[in-house]
Protein chains: 2
Amino acid sequence: MGRLILDISLSLDGFVAGPNQSSEHPLGEGGEQLHEWAFATRAWRESHGLEGGEDNVDSALVADLLAGAGATVMGRRMFSGGDGPWSDDPNADAWWGDDPPFDVPVFVVTHHARETVDKGKTSYTFVTGGLEAALAQAAEAAGDKPVAIAGGASLVQQSLQAGLLDELEIHVAPFLLGGGVRLFEGAPPAALELVRVVDAPNVTHIKYRTGGK
Amino acid sequence: MGRLILDISLSLDGFVAGPNQSSEHPLGEGGEQLHEWAFATRAWRESHGLEGGEDNVDSALVADLLAGAGATVMGRRMFSGGDGPWSDDPNADAWWGDDPPFDVPVFVVTHHARETVDKGKTSYTFVTGGLEAALAQAAEAAGDKPVAIAGGASLVQQSLQAGLLDELEIHVAPFLLGGGVRLFEGAPPAALELVRVVDAPNVTHIKYRTGGK
């Protein structure tokens with residue numbers, strides 16, 4: 001199987017979403033602060049069909065991340081609108097609109113079989129066999145490129161708990177959230193290899209290589 | 001009161017000590033890995049009366065940290081030999097020997113009053129009025145210099161929970177410990193200012209300024 005990579009924003013106290021997730025606060029209270037650095041970049045805005053944004057070190061990093069993966073795996077709630085408990089309709093349409101930012105085959109881990117959905121360069125294939133089955137299909141679609149895990153939090157935690165990742169890039173935002181969803185909840189002890197740090201004004205990007213599978 | 005600073009090593013998953021602390025594993029299982037980067041430096045070894053060590057970016061950072069504070073506050077168990085449950089004799093001698101690495105007045109938070117102990121440039125004054133009383137005495141002793149919190153973990157957590165710190169420098173070691181003592185346990189939400197990143201081969205040093213007191 002090809003490389004499996006994850007990049008994810010988290011607070012200094014280790015949360016990928018704040019406490020009390022709801023339709024009002026899909027990322028939990030304070031959770032949207034973790035992503036401000038990305039939302040401000042030209043590369044992120046372009047990938048979401050928006051103009052403007054800053055052309056800085058963060059934007060270059062986002063552009064590299066967007067171009068890096070050959071396929072993406074995500075959870076069903078992320079497909080249909082975030083990671084909270086409010087989007088439980090299994091036939092919900094993709095939250096990401098008609099021009100999604102992925103531009104690669106996306107494999108959605110779900111309990112509910114349905115037909116593949118095509119949205120431009122992005123396709124959504126629904127996999128009912130669990131995370132590892134989705135990863136196997138994604139690896140085939142990705143060819144020589146790595147597979148990215150997009151989220152949500154429970155799928156990310158599952159990949160860490162199972163030691164499936166080859167590379168992990170964290171974006172440490174300068175906030176304490178005081179509670180919420182912990183990235184490393186249940187992850188077993190491991191020695192990582194520090195690959196690279198990108199020092200930006202409002203976020204610290206640190207890439208690690210794991211022992212792998 | 002002067003500035004209050006903390007520098008501390010932690011694992012990528014946010015632990016300052018591993019699980020199952022004991023006399024065999026005073027820093028918990030795997031906890032000593034968090035400090036390997038520091039133990040390898042010339043500056044750390046010199047301050048502990050040892051020869052050799054690497055003269056690298058980490059060593060320069062350790063030298064700056066050692067020279068930075070005008071007084072230090074620590075918990076009683078750190079004074080007498082680590083942060084575990086095995087050093088409960090309130091009259092225990094300082095674990096740090098006759099030439100301690102602090103070289104400044106040290107204020108020890110304890111329930112047990114005793115006479116000040118002098119060890120060369122380091123003195124240990126025992127404060128029974130709690131953390132904030134110790135900080136007030138330390139600030140007076142420190143003059144224009146900041147006060148450093150040395151540990152242990154519970155005193156560090158208390159300073160974070162009470163929002164007492166002005167600066168926080170973390171040394172992120174490339175390990176997952178999978179359990180243990182969390183640096184930010186119980187710390188309330190906060191926006192921090194990212195001051196500086198020092199990128200070293202085996203550890204990432206990130207300094208933050210807090211909103212302060």
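Okay, helix α5 of chain B, residues 131–142, in what is a predicted model. Helices here are DSSP runs of H or I with at least four residues, strands are runs of E with at least two, and both are numbered from the N terminus.

Which residues of α5(B) are buried? They're B:Ala134, B:Leu135, B:Ala138, B:Ala139 and B:Ala142. Buried means 20 or more other C-beta atoms within 10 Å of the residue's own, with C-beta atoms placed from the backbone. These residues cover an arc of only 140 degrees around the axis, going by the directions from the helix axis to the C-beta atoms, which puts them on the same side of α5(B). They pack against β1, β3, β4, β6 and β7 of chain B, where contact means C-beta atoms within 7 Å. After the helix comes B:Gly143, with a positive phi near 60 degrees.

Now, the two chains. A rotation of 180 degrees with 0.0 Å of shift along its axis superposes chain A on chain B, RMSD 0.0 Å, by least squares on the C-alpha atoms of residues with pLDDT of at least 70 in both. That's the relation of a two-fold axis. In chain A, the C-alpha nearest that axis belongs to A:Gly14, 3.3 Å away.

A note on bookkeeping. Residues count from 1 along each chain as its sequence is written, while chains are lettered from A and ligands numbered from 1 in the order written. Local features need pLDDT of at least 70 and side-chain atom pairs 80 or more, but totals for chains, interfaces and linings use all residues.

Technical notes. Expected span 1.5 Å × (residues − 1). Buried ≥ 20, exposed ≤ 12 C-beta atoms within 10 Å, placed from the backbone. Contact = placed C-beta atoms within 7 Å.
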